[in-house]
Amino acid sequence: MGTDLNVQHTFRGTDHVTVASTRAVPRQPKAAPLDLDWYKGMPGRLAHPRAVLLDKTSGEPVFLLVYDVPGQNVKMVIEINSWVKKAKATFNTMQTGRFVTLNDLAATIGAGVTLIEGRI
């Protein structure tokens, strides 16, 4: 589950974000945006990441799910036990996603990031 703001963050600076407040000032995305169709298929991908990492480097711990996409890798950030006001319940929520290099991820292991499962 991702909240509206999380989806907006993942696709900031693209035509996929249609909320006026996020498009008032034209901005380029910080990184190449994910393919929207790939993102929509996340429910079927959640159980099959290439790797699962636990990131304790800032604030509350988050899971990093790493996926292979043709010629690239994607990191999805999953917040653990996040309160969702509209639902009045706690969920693990997808916060954001972006393309990453495996070398960049490997460099974080041991510095507050732990490889839980899989390979980098």
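This is a predicted model: local features need pLDDT of at least 70, side-chain atom pairs count only at pLDDT 80 or more; totals for chains, interfaces and linings use all residues.
Residues are numbered from 1 along each chain as its sequence is written, and side-chain values use heavy atoms, with hydrogens and water left out.

**The overall view**

Follow the cartoon along the sequence and you will trace the pattern α-α-α-α-β-β-β-β-α-β. Of the 120 residues, 35% count as buried. Here buried means under 20% relative accessible area, exposed over 50%, and partly exposed in between (1.4 Å probe, protein chains only). Among contacts (heavy atoms within 4.5 Å) with a separation of 6 or more, 46% join residues 24 or more positions apart.

**Stop one: R50**

Select R50, in the loop between α4 (42-45) and β1 (51-55). Is R50 buried or exposed? Its relative accessibility is 19%, so R50 counts as buried.

Next, show what surrounds this arginine. Leaving aside residues up to four places away in sequence, R50 touches V66, Y67, D68, N73, L102, E117, G118, R119 and I120. The R50 side chain reaches the backbone oxygen of R119 at 3.1 Å, and it makes a polar contact with the side chain of D68 at 2.9 Å. A polar contact is a pair of N or O atoms within 3.5 Å; within protein, one must be able to donate a hydrogen and the other to accept it, and residues adjacent in sequence count only if both atoms are side-chain atoms.

**Stop two: D68**

How many salt bridges does the structure hold? There is one, and D68 forms it with R50, their closest N and O atoms being 2.9 Å apart. The pair links distant parts of the chain: D68 is in strand β2 (residues 62-69) and R50 in the loop between α4 and β1, 18 residues apart. A salt bridge here is a side-chain nitrogen of Lys or Arg within 4 Å of a carboxyl oxygen of Asp or Glu. D68 is partly exposed, at 43% relative accessible area.

**Stop three: W38 and Y67**

Select W38 and Y67 and show their rings. Rings of Phe, Tyr and Trp (its six-membered ring) pair if their centres lie within 6.5 Å; planes under 30 degrees apart count as stacked, over 60 as edge-to-face and the rest as tilted. The count comes to one aromatic pair. W38 and Y67 form it edge-to-face, 5.7 Å centre to centre with 75° between the planes. W38 lies in helix α3 (residues 36-40) and Y67 in strand β2, so the pair ties together parts 29 residues apart in sequence. Both partners are covered: W38 is buried at 12% relative accessible area, and Y67 counts as buried at 4%.

Finish with two backbone angles. N81, in strand β3 (residues 72-84), has a phi near 50°, a positive value in a residue other than glycine. N81 counts as exposed, at 58% relative accessibility. Move on to K88, in the loop between β3 and β4 (89-100). K88 is another non-glycine residue with a positive phi, near 55°, and K88 is exposed, with a relative accessible area of 67%.

Notes
Helices (H or I, at least four residues) and strands (E, at least two) are DSSP runs, numbered from the N terminus.
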